[in-house]
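Subject: Structure for you to look at

Hello,

The structure we spoke about follows below.

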Amino acid sequence: MLKHKILASMLKLLAKLPLCVVHFLGSALSWASYLSYKKNANLINTNLKLSQLTKDNVSFKKTLHRNIGETGKALLETFAIWFKDYSQLSKWYQGCTGWEHVESALAKGKGIIFLTPHLGCFEITSLYYGQFQPITVLFRPPRQSWLMPMINQGRQRGNVSLAPANAQGVKLLLQALKRGEAIGILPDQAPHEGEGEWVPFFSRPAYTMTLASKLAEKSGAQVLMAFGERLENGRGYHIHIKPIKEGGINSPELLNQEIEKAIAQCPSQYMWVYDRYKVRN
């Protein structure tokens with residue numbers, strides 16, 4: 001449709017802007033949404049407060065206010081990254097902590113399972129890794145079919161391949177692990193009914209995927225938690241990688257515990273507006 005083509009053209013313009021401008025626009029958009037839509041505001045407030053990651057009311061308000069802006073940055077930077085020339089993305093990579101864990105895992109030859117929650121810039125992590133090694137990333141096809149070409153163009157670059165969230169996609173993930181390659185999963189994405197279990201997430205029952213736990217147990221792959229910290233003033237991203245001990249996610253409850261640890265590193269950049277406590281039909 002014409003309106004979709006116009007919108008796509010507008011989104012492509014984001015890739016031409018400096019990252020600091022993209023983040024400024026995203027923050028402004030997010031504040032407008034927060035002040036206009038009570039549902040979003042209530043989700044952010046409630047989820048952050050129940051996490052108990054802030055020590056007092058002053059800390060809570062500071063984290064909340066920062067998180068509102070970070071949420072909008074996450075939205076607009078996605079499109080900027082998708083349409084940015086691949087060779088130019090390297091300018092946004094400002095370092096990586098924990099790469100030695102990747103090298104250790106590759107030496108074992110059993111594959112790597114990267115867990116990347118909705119924390120910081122989750123679009124950048126697979127593209128960063130894909131500069132060096134092949135990685136197959138699980139994704140959920142969008143309800144709006146016109147977005148699919150943009151997703152393919154934006155995410156399947158370098159050594160990055162996509163696997164849809166269905167039986168065929170799971171098969172692709174297993175094949176990649178058998179080859180000793182890496183796979184990427186959003187572990188805190190609400191699964192469809194019948195694909196998860198109700199287990200605690202920050203002390204509240206959350207419907208949590210079983211796939212990540214099953215893949216880890218079946219493959220014996222090294223599990224690594226990874227996220228791209230969004231640096232201030234549009235300076236780019238710093239990749240953080242931490243290993244999870246063997247058996248550390250062998251149940252959805254253990255998986256959530258590891259996600260909680262990752263979020264505690266940078267609570268202002270977690271997507272608290274995302275509703276973890278629901279079931280997708």
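A residue is called buried at under 20% relative accessible area, exposed at over 50%, and partly exposed in between (1.4 Å probe, protein chains only). Helices (H or I, at least four residues) and strands (E, at least two) are DSSP runs, numbered from the N terminus.

This is a predicted model, in which local features need pLDDT of at least 70 and side-chain atom pairs count only at pLDDT 80 or more, while totals for chains, interfaces and linings use all residues. Residues are numbered from 1 along each chain as its sequence is written, and side-chain values use heavy atoms, with hydrogens and water left out.

Helix α3

On one side of α3, Lys38, Lys39 and Lys49 are exposed. The buried residues of this helix are Ala41, Leu43, Ile44, Asn47, Leu48 and Ser51. Seen down the axis of α3, these buried residues fall within an arc of 160° (taken from the directions from the helix axis to the C-beta atoms), so they line one face of the helix.

Strand β9

Six of the eight residues of β9 (residues 237–244) are buried, so the strand is largely enclosed by the rest of the structure. Two strands pair if DSSP finds at least two bridges between them. With β1 (residues 93–97), β9 pairs in the parallel sense over three bridges, and Tyr93 stands opposite Tyr237. With β8 (residues 222–230), β9 pairs in the antiparallel sense over eight bridges, and here Met225 stands opposite Lys242. The hairpin of β8 and β9 has six residues between the strands, and among them Asn233 takes a positive phi near 60°.

The cavity

A search of the whole structure finds one cavity of 30 Å³ or more. A cavity is a set of points on a 1 Å grid over the protein atoms alone where a 1.4 Å probe fits but cannot get out, and lining residues have an atom within 4 Å of a point. The volume of the largest cavity is about 50 Å³, counted as the space filled by probe spheres set on the points. Its lining has four nonpolar, six polar and two charged residues; Ala, Val, Leu, Ile, Met, Phe, Trp, Tyr, Cys and Pro count as nonpolar, Asp, Glu, Lys and Arg as charged, and the others, Gly among them, as polar. Helix α4 (residues 57–83) gives the largest share of the lining, four residues. Lining residues include Asn67, Arg230 and Ser268.

Lys62 also lies in α4. Lys62 is exposed, with a relative accessible area of 66%.

Regards

Note on methods. 1 Å grid on protein atoms, 1.4 Å probe; cavity = no way out; pocket = protein on both sides within 12 Å on 5 of 7 lines; lining within 4 Å.
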